[in-house]
Amino acid sequence: MNSLIAIVAALPLATVAVPPAASAPPPAARAAAVRPAPIRGLVAVRPFRVAEPWTHEYRADRPAVREGWIVVLDADPALVRPRQTEQMVLMGGGLPLEIVHVAVDAGRVVAILPRVPDSVAIESVVFHLASPALPESLSVEAAEARRAAAVAAGLLPRDGAELARALAAGGGAVAAADREAFDRELAAAIRRHLPGESARADELEGRIDSTPRPVD
Amino acid sequence: MSWTSLRPWSAARFAFASGAIAGGMAAGAWAGGCPGDLDGDAGIGSSDLATLLAQWGLPGAADLDGDGTTGPNDLALLLSAWGPCPGGAGPIAEELAAVPRAAFPFASRVETFLTGATVHVAIDIARHPNLAGRTVDAYVVEDRDRSAWAADPSLPGAAQPIILGSDLAGGVRPLATASLPGPTGLAFSRGYDLVIDVDGTGTLTAGDLIDGLDGPGVLVVANASAAGPLAVNTVAAWDTNDAAISASFQLQRVWYPSDIASMGPLPLVVISHGNGHSYTWYDYLGTHLASWGYVVMAHQNNTVPGIETASTTTLEHTDAILAAPATLAGGALAGKIDATRIVWIGHSRGGEGVARAYDRIFDGTYVPTLYGLAAIRLVSSIAPTDFLGSASANPHGANYHLLYGSADGDVCGCPDSDVADSFNLLERATGERSSTYVHGADHNDFNCCGFEDFAGPSGTAIGRAAAQVVAKATYLALIRHALDGDPGAREFRWRPFEDLRPPGVAANVQATLEWKPGIATVVDDFQAQTSIATSSSGGAVTIAGASGGLEGLMNDNNTTFTWATSDPWNGMTRARAGETTRGLVFDWTSPSSVEFQVVAALRDFTARPFLSLRAAQGSRHPRTVALAGPLDFTVTLVDGAGRTSSLAISAAGGVVRRPYQRTGYGTGAGWQNEFATVRIRIADFAAGGREIDLADVAAVRLEFGTGAGAAEGRIAIDDLRIEER
């Protein structure tokens, strides 16, 4: 119930549908009735390019990723806290972002926005939380419909000043040989922008303990 | 030495109306070593003659030709067989080990007992009238097989004298078994035979009773929630460096016995976590199972995109560890993982992912490198989602299990979303399947570190520690049964939780179990035949006195749990529209019944030992609210001659609980309808000398209301079957 209150309190009033029942359902069910929601801020943006592409598994057409942006953004923690059931989809324009890590209490997210053939310039991207779905199930058309819904709801691209600050905070463009090498850049982004989340950064950098040890 | 195995349904006063052998004795119409041996002393003598004369003109055990009365033909048959039983005399094998019950038949004959538990002996005095009022010696001895008993019939150890009464209840007596040694080492159960030394000779001789002539009669099991005997090593994070696995999802945590170098290939247990969860969150389960001799691996699971990607990581990580390269624990696992015995456990989205992974191999859309479908011996989902529906989130014929907490605040079992209805997956499983529904547990109680999502009533939370004790015991028993066929683990899948509660779990912790073994004779599953008046096996179904009787899809048809007559399937979170999981619902305020006519081809109920059905109270229905407690009812068998035998499900250990009193989704209290499997030993209907021909059962009648159980209630019924042990 506390989570529900947090969600309701965090959303713009006009974007919350009236719950169908006298008593409140939990957030997962309620999410299905929620309209597009904005992110709170764009913290960092860093262009990247990789020599060996990987597959973007967050849209049904599975586009290859050769370039794009590492993005760090702030959102309502209640909306980006990972859940099992229906959850709003974090999108950059018509493309669901690959979520690298979420600092759940802060609502800060490190993610990847690939540049794909239907991408628009970063200045025109509307970052938003779209109606719930499994990203892998979203067709190009379904994802585009969500982008259009966000625009129709009045959500806008980030303003120029914020984007400029984010690009500055992101650092210069980065090139990597492959995803494994690129993971180290993601780890760096986590260390810089999610300083309390070093465990995930360690994993991405391969700083792991693989020594067999007795269990106490 | 020769032996007599007294099949449980060949009860003493057992009349075979249709099974009479012309001019001879009815098959099975004996209590002891041979037909006519009414006192069970392995011979026909004066005691048997006296019994026959006492029953003259009446039906009963002495009605040897099965014509309904004891008469001249029976006398002739008995006299013609006078003397020792053909083939020589021997001990009498029958089920004796039991737990006591408060009402007829006063005991449930079972095999499995926790270490330190009191084993009861249950002797049906009507089958053994020679034992009425006698003091006899009981022995619980280390299990021997038939040939070992023949070679050495001595009964070691101290005899336990037990004083028997003269009726059915008087045949149920406790034994001093608290100090009976449990299994040692990696064994899960330890077998014993229970012997009643009728003649007091200290050896197993003719006329003695034995439970365990073929296989153990008593199985004392380990504390399944306690750590096993093996020291455990863990690799906190192994990087598979497997290019086939999605980028950034290539890590595993692995647990294995420290002394694996001296052990043969061990089964593999794979744990696939849920969304936002971590492969590092299952130390409690990985350590536990490794201490019992398994290699356990939890892997990074790609759950954010969806179930397809999650299933891919499960499939690929399984191959990765089976390769057991030198980079993993210095090669310690090379050749030590049995690629033919694999268990998949998934949590939340990972729980749906393991079902999807199985489905993909089943469908041929994914082909593993180092294992195949047959290697997946068990698939278990902890509170799985159901995004994909029956076409893809489908365990098919896998041995499938579902673990679920009633206070789950994430995959909540809510009526407004199919995605949150974990039990949809269970219902799709067509093979052997079971579920464990834990009251007061929430979604993240089954890992170490997920956020607090408890959504039940105040004061009902059992907490993470208790939930994990339940999970440890559940999984060890489940895996022992699925992988090893351990007979001592089998009853953990269906015996009431109260019977085999893991030590360390508080008495107020409740769990409801469903079990559906793969082999059964179906009387009515409500699916093959959709008419409420006809069973799926083709017999007539007659509902008398009850209200609201309806057969249909187990799918709550609106978005609340508020009771409404327009939603007769209220509380059912078991199916999506278009699926086939159907059942029967009705309610009552006065004596009522549902009778299932048994078609001719199925009337021999002696073919399998258990009558089984599943039942659930209807959540928030006014009758359920008024009952406010467990629901009892009576099961009656009607034979071809119209004779009946009834017993209450509570007297067979059956428990149909009050729905968990969680609120939300409308008015009132009560969460999803909670099916419990009720299994009744068919032979118990003939206990105490009841006259019923179990080889010719014409109808199964379920009786409700005052005199039969709860005075009022609302119930769902499904899967009336005759099943294997």
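**Close-up 1. Helices H1 and H2 of chain B, packed against each other.** In this predicted model, helix H1 of chain B covers residues 46–54 and helix H2 of chain B covers residues 72–80; their axes sit 11 Å apart, at an angle of about 175°. Since angles over 145 degrees count as roughly antiparallel, that angle makes H1(B) roughly antiparallel to H2(B). Look for B:Asp48, B:Leu49 and B:Leu52 on the H1(B) side of the contact, and for B:Asp74, B:Leu75 and B:Leu78 on the H2(B) side. Sorted by class, this contact has four nonpolar residues, two charged ones and no polar ones.

Close-up 2. H5(B) takes in residues 307–323, which is 17 residues. From first C-alpha to last, H5(B) reaches 25 Å, close to the 24 Å expected at 1.5 Å a residue. Is this helix out in the open or enclosed? Of its 17 residues, 15 are buried, so H5(B) is largely enclosed by the rest of the structure. Just past the end of H5(B) comes B:Ala324, with a positive phi of about 40°.

**Close-up 3. Where chain B touches chain A.** Here 48 residues of chain B are in contact with 34 residues of chain A. Which elements of chain B give two or more residues to this side? They are strand E15 (232–239) and H5 of chain B. E15(B) supplies the largest share, eight residues. By class, the chain B side has 21 nonpolar, 22 polar and five charged residues.

**Close-up 4. Strand pairing across the two chains.** Zooming in on E15(B), we find strand E10 of chain A (residues 213–214) paired with it in the antiparallel sense, over two bridges. One residue pair to pick out is A:Pro214 and its bridge partner in E15(B), B:Asn233.

**Close-up 5. A five-stranded open sheet in chain A.** Follow the strands in the order E6-E7-E3-E2-E9 of chain A; the sheet is open and its pairing is mixed. At the edges are strand E6 (98–103) and strand E9 (174–176) of chain A, each pairing on one side only. Neighbouring strands in this sheet are turned by 20° against each other on average, direction ignored.

**Close-up 6. A helix lying across strands of chain A.** Helix H5 of chain A, residues 160–170, lies across strand E2 (41–55) and strand E3 (64–74) of chain A. H5(A) runs at about 55° to E2(A). Both strands also belong to the five-stranded sheet of the previous view.

**Close-up 7. Strand E14 of chain B and its two partners.** In E14(B), residues 218–221, B:Val218 and B:Val220 point one way while B:Leu219 and B:Val221 point the other way. Are these four buried or exposed? All are buried. Strand E7 of chain B (residues 112–114) runs parallel to E14(B), with three bridges joining them. Among the residues that line up here, B:Leu114 has B:Val221 as its bridge partner in E14(B). Strand E12 of chain B (residues 189–197) also pairs with E14(B), this time in the antiparallel sense and over four bridges. In that pairing, B:Tyr192 has B:Val218 as its bridge partner.

Close-up 8. Start with B:Phe104 and B:Pro105, which are joined by a cis peptide bond with omega at about 10°. B:Pro105 sits in the loop between strand E5 (97–100) and strand E6 (107–109) of chain B. Next comes B:Asn241, a residue other than glycine with a positive phi, near 50°. You'll find B:Asn241 in the loop between E15 and strand E16 (251–257) of chain B. B:Asn241 counts as exposed because it has 12 C-beta neighbours inside 10 Å. Finally, B:Arg620 also has a positive phi, near 65°. B:Arg620 lies in the loop between strand E29 (610–617) and helix H10 (622–627) of chain B. With 26 C-beta neighbours inside 10 Å, B:Arg620 counts as buried.

Note on methods: Residues are numbered from 1 along each chain as its sequence is written. Chains are lettered from A and ligands numbered from 1 in the order in which they are written. This is a predicted model: local features need pLDDT of at least 70, side-chain atom pairs count only at pLDDT 80 or more; totals for chains, interfaces and linings use all residues. Axes are lines fitted to C-alpha atoms, for helices over the stretch in contact, and angles run from 0 to 180 degrees between N-to-C directions. Angles under 35 degrees count as roughly parallel, over 145 as roughly antiparallel, 65 to 115 as roughly perpendicular and the rest as oblique. Two residues are in contact if their C-beta atoms, placed from the backbone, lie within 7 Å. Ala, Val, Leu, Ile, Met, Phe, Trp, Tyr, Cys and Pro count as nonpolar, Asp, Glu, Lys and Arg as charged, and the others, Gly among them, as polar. The expected span of a helix is 1.5 Å times one less than its number of residues. A residue is buried if 20 or more other C-beta atoms lie within 10 Å of its own, exposed if 12 or fewer, and partly exposed in between; C-beta atoms are placed from the backbone. Two strands pair if DSSP finds at least two bridges between them.
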